Amino acid sequence: MKMTNTTILSLALLMAGLGIPNFATAKDKQGVESLPAAQGLVTIDTAAPSKLYSPMIFGGFIEHFNDQIYGGLFEPGSPLADERGFRKDVIAAMKELKLSVVRWPGGCFVSGYHWKDGVGKVRKPVPDPVWGATDPNTFGTDEFIEWCRLVGCEPYICTNAGNGTPEEMKEWVEYCNATEGEYAQQRIANGHEKPFKVKFWSIGNENYGPWEIGRKDADEWGPLVDQCAKLMRAADPDITLVAAATKKEEWSLPLLAAAGKHLEYVALHEYWFGFQSRNMTPPYKDCIMRSEGPENTIVTMLGILDKAGCRGRVRIAFDEWNLRGWHHPGFPRKKPLEAGDAEAAEFIAKRDINKIHSQYTVADALFSASFFNSSLRHCVDVGMTNIAPIVNTRGPLFVHPEGIVRRTTFHTMAMYANLLESRVGKCAVDASQYGGGKNPIAVIDAVATVDESGKKWSVALVNRHPDQTADCTVKLGERLLDGTFDATILDGDSPDAFNDVEHPNRIVPQKTQLKFENGVVKLPPHSLAIIHIQ
Ligand code: AHR
């Protein structure tokens, strides 16, 4: 929450009543005015009902792009892979994240992908008209399902609404889920007697975008989704359906009017820095100032769901998100590339810029924490989110031929997936501002979770300030916290710190104990803390 003069005043009065000193003023090392000094009050209402959230809030996305799949999670012949070619170290890392759901195979890629190319004994390489590579098709539906089973996550398939057809989508559902018929027989012949039972299906990817193969107008999209949904449900009535949407009313209202009755979710995508053509490395402050963006997007989308009369029945799947958009200058293209296209080869090589480790810092970790906090706060309406991607490019896990590096965002995800309780409690945050200018942000962000008994709380606290320790007062029900509590902290020796191959553990979560005195805990600068209160 941002501090208005009235809230500053009421907070000051409240703190005075609690015996807490009034806000002081300060500047950070970069001279950015932050008035008053980093501090805040987190009030947890223990009497209010808590809400169960979906573990699919901590999901991932993987696309046939660069080395996310080939040379990422799938590397036949690697000493680190199993006999099928799945990297065992990657699978173990996904288990550390308790990865709940993975969306595949794209992204823009899917709008030129035909699933039949990726099943069966004979797989032919096919030119990828979107990203300019040749897809060997050795990783297709069967491999995706098998990988998800090994990781223990739900498969979520995104269909081709670009140059694909509604019939192709229906047949894909049949291949995965039917017990009889031509496509069920194909699956059985490919060695999979039992249906895959893929529950989550999306119709299309960003079909509103001029960059997408087979872009659709708003008035075309709803009727097409309606047609696809009917066919896919005829193949399996029990599937859960998502459709490509946006926070723009002019696209999403017609979609919901024409096809909302079939949908359980609308998909949202956002990268808070575009970065596709030019690679930039904005400083910590610029990154952290975007931290309230996810909440704003969710609230905007909820307004659209309200307006369409779908809120409560249709939820949000934020099925691509990341602070930074992927670097792919010159792409996506919409046609297969000529062999030997030198310009394309040069552009493709530039994708390696995504691998520069110093780009993924504590800023990414704390932005991601705020993304999760926003999704958890809206857990009634947000049922799934998918960091894009989960492996390589700008994802939390960097995979290379000799091993893996857990980037800062990996640790944020792991902390949220492993250390929180199962329900979200009511929690208000009043905090001083950071950043100055027209749109300062709250220096502290928080979410409070509780177990089923209502007795065990795990509270995530983010201090966004780059160099000030924040005095954070936590009030749990009627009491100000006092005493020492178990906690896990992620910070690092600088806001710009990062992990890389040579220093994979420069930033790792530390188990510690945090002391509260008269409600106040000192949160280290640029930190995420998860505190357990029995
Ligand atoms: O930059 C990657 C692309 O970003 C994904 O393929 C697409 O869905 C999004 O626009």
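Which residues in α11 meet which residues in α12? Val362, Asp364, Ala365, Ser368, Ala369, Phe372, Asn373 and Leu376 in α11 meet Thr408, Thr409, Thr412, Met413 and Tyr416 in α12, where contact means heavy atoms within 4.5 Å. This is a predicted model, with local features needing pLDDT of at least 70 and side-chain atom pairs pLDDT 80 or more, while totals for chains, interfaces and linings use all residues. Numbering runs from 1 along each chain as its sequence is written, and side-chain values use heavy atoms, leaving out hydrogens and water.

**α11 and α12**
- Helix α11 (residues 362–377) and helix α12 (residues 408–419) have axes that come within 7 Å and cross at roughly 30 degrees; axes are lines fitted to C-alpha atoms over the stretch in contact, with angles from 0 to 180 degrees between N-to-C directions.
- Helices here are DSSP runs (H or I, at least four residues), numbered from the N terminus.
- α11 and α12 are therefore roughly parallel to each other (angles under 35 degrees count as roughly parallel, over 145 as roughly antiparallel, 65 to 115 as roughly perpendicular and the rest as oblique).

**α2 and α3**
- The axes of helix α2 (residues 88–96) and helix α3 (residues 141–151) come within 9 Å, crossing at roughly 55 degrees.
- That makes α2 oblique to α3.
- On the α2 side, Val90, Ile91, Met94 and Lys95 meet Trp147, Leu150 and Val151 of α3.
- By class, this contact of α2 with α3 has 6 nonpolar, no polar and 1 charged residues (Ala, Val, Leu, Ile, Met, Phe, Trp, Tyr, Cys and Pro count as nonpolar, Asp, Glu, Lys and Arg as charged, and the others, Gly among them, as polar).

Technical notes: Helices (H or I, at least four residues) and strands (E, at least two) are DSSP runs, numbered from the N terminus.
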